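Come along as I look things up, one entry at a time.

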Amino acid sequence: MIINIQTLTKQDTLDFDQEVDLSLESLRLLSNVTDYKARVYGTVHKDGELFTVQGFVDVTLELICDRCMNTFQYPLHATLDDQFSNDEAHYLEDEDIKRVTKSSIDLSDSILESIAMAMPMKALCDVDCKGICVKCGTNLNKGTCECEKADIDPRLEALKDIFCLNSKK
């Protein structure tokens with residue numbers, strides 16, 4: 001997404017609101033869908049040679065649940081907050097300031113960064129997702145399985161019979 005900043009010579013702020021096509025293949029979402037439509041909106045503030053972009057990205061992603069492996073729709077609301085400058089001194093002293101190319105600001109990388117930062121650490125289709133059975137693979141949200149539920153940590157397995165031995169004496 002390119003924002004033309006030539007109009008900021010007459011005014012200090014510029015509002016933007018666009019629907020953009022995004023390719024999120026670089027984020028490796030493990031979903032078959034990599035192309036999304038997103039709404040990007042916010043303002044650009046000019047302070048001398050420094051341009052501050054503040055706004056939001058709204059997109060609905062198709063993710064795979066980390067527990068049950070089903071795909072689900074995840075509405076994501078990410079925050080944009082970046083600085084740009086066409087003065088070399090600004091981006092040499094602060095590595096977070098990005099370069100203005102000609103008379104425009106390219107928000108493509110900023111949009112991808114904000115989406116990556118807003119992604120959940122654990123993608124869950126539902127807070128109460130039960131996941132899948134580790135033995136038979138049954139989706140426990142859709143039904144139950146007949147597997148034995150006694151999960152014992154292999155490091156502590158030697159201690160499992162300690163109470164049984166004491167009760168026999």
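Entry 1, terms and ground rules. I call a residue buried when its relative accessible area is under 20%, exposed when over 50%, and partly exposed in between (1.4 Å probe, protein chains only). My helices (H or I, at least four residues) and strands (E, at least two) are DSSP runs, numbered from the N terminus. This is a predicted model, so I note that local features need pLDDT of at least 70 and side-chain atom pairs count only at pLDDT 80 or more, while totals for chains, interfaces and linings use all residues. Residues are numbered from 1 along each chain as its sequence is written, and side-chain values use heavy atoms, with hydrogens and water left out.

I looked up residues 108–118 and found Ser 110, Ile 111, Ser 114 and Ile 115 buried. Why do these buried residues line one face of α2? Seen down the helix axis, they fall within an arc of 135° (taken from the directions from the axis to the C-beta atoms), so they line one face. On the face turned away from the buried side I noted the exposed residues Asp 109 and Met 117. The cover over the buried residues of α2 includes β2 (13–23), β3 (35–47), β4 (50–64), β5 (71–85) and β6 (97–99); contact here means heavy atoms within 4.5 Å.

Entry 3, the whole chain. I counted three helices and seven strands, and along the sequence they follow the pattern β-β-β-β-β-α-β-β-α-α. Of the 169 residues, 31% are buried. Among contacts between residues at least 6 apart in sequence, 52% join residues at least 24 apart.

A nonpolar core is a set of buried Ala, Val, Leu, Ile, Met, Phe, Trp, Tyr and Cys residues joined through side-chain atoms within 4.5 Å. The largest one has 34 residues, and Val 44, Ile 105, Leu 107, Ile 111 and Ile 115 touch the most other members. Elements giving two or more residues to this core are β2, β3, β4, β5 and α2, and the largest share, six residues, comes from β4. I then checked Leu 107: not counting residues up to four places away in sequence, it touches Met 1, Ile 3, Phe 16, Val 53 and Phe 84.

Is Ser 104 buried or exposed? It counts as buried, at 15% relative accessibility. Leaving aside neighbours within four places in sequence, Ser 104 is in contact with Ile 2, Ile 3, Asn 4 and Ile 5.

I searched for a side-chain nitrogen of Lys or Arg within 4 Å of a carboxyl oxygen of Asp or Glu, and the whole structure gave four salt bridges. In one of them, Lys 37 meets Asp 21 at 2.5 Å, N to O. Lys 37 is in strand β3 and Asp 21 in strand β2, 16 residues apart, and both are exposed. Asp 82 pairs with Lys 98, the closest N and O atoms being 3.3 Å apart. Asp 82 lies in strand β5 and Lys 98 in strand β6, so this pair ties together parts 16 residues apart in sequence. Asp 82 is buried, with a relative accessible area of 14%. Lys 98 also meets Glu 113, at 3.4 Å, N to O; Glu 113 sits in helix α2, 15 residues apart from Lys 98 in strand β6. Salt bridges with shared partners join Asp 82, Lys 98 and Glu 113 into one network.
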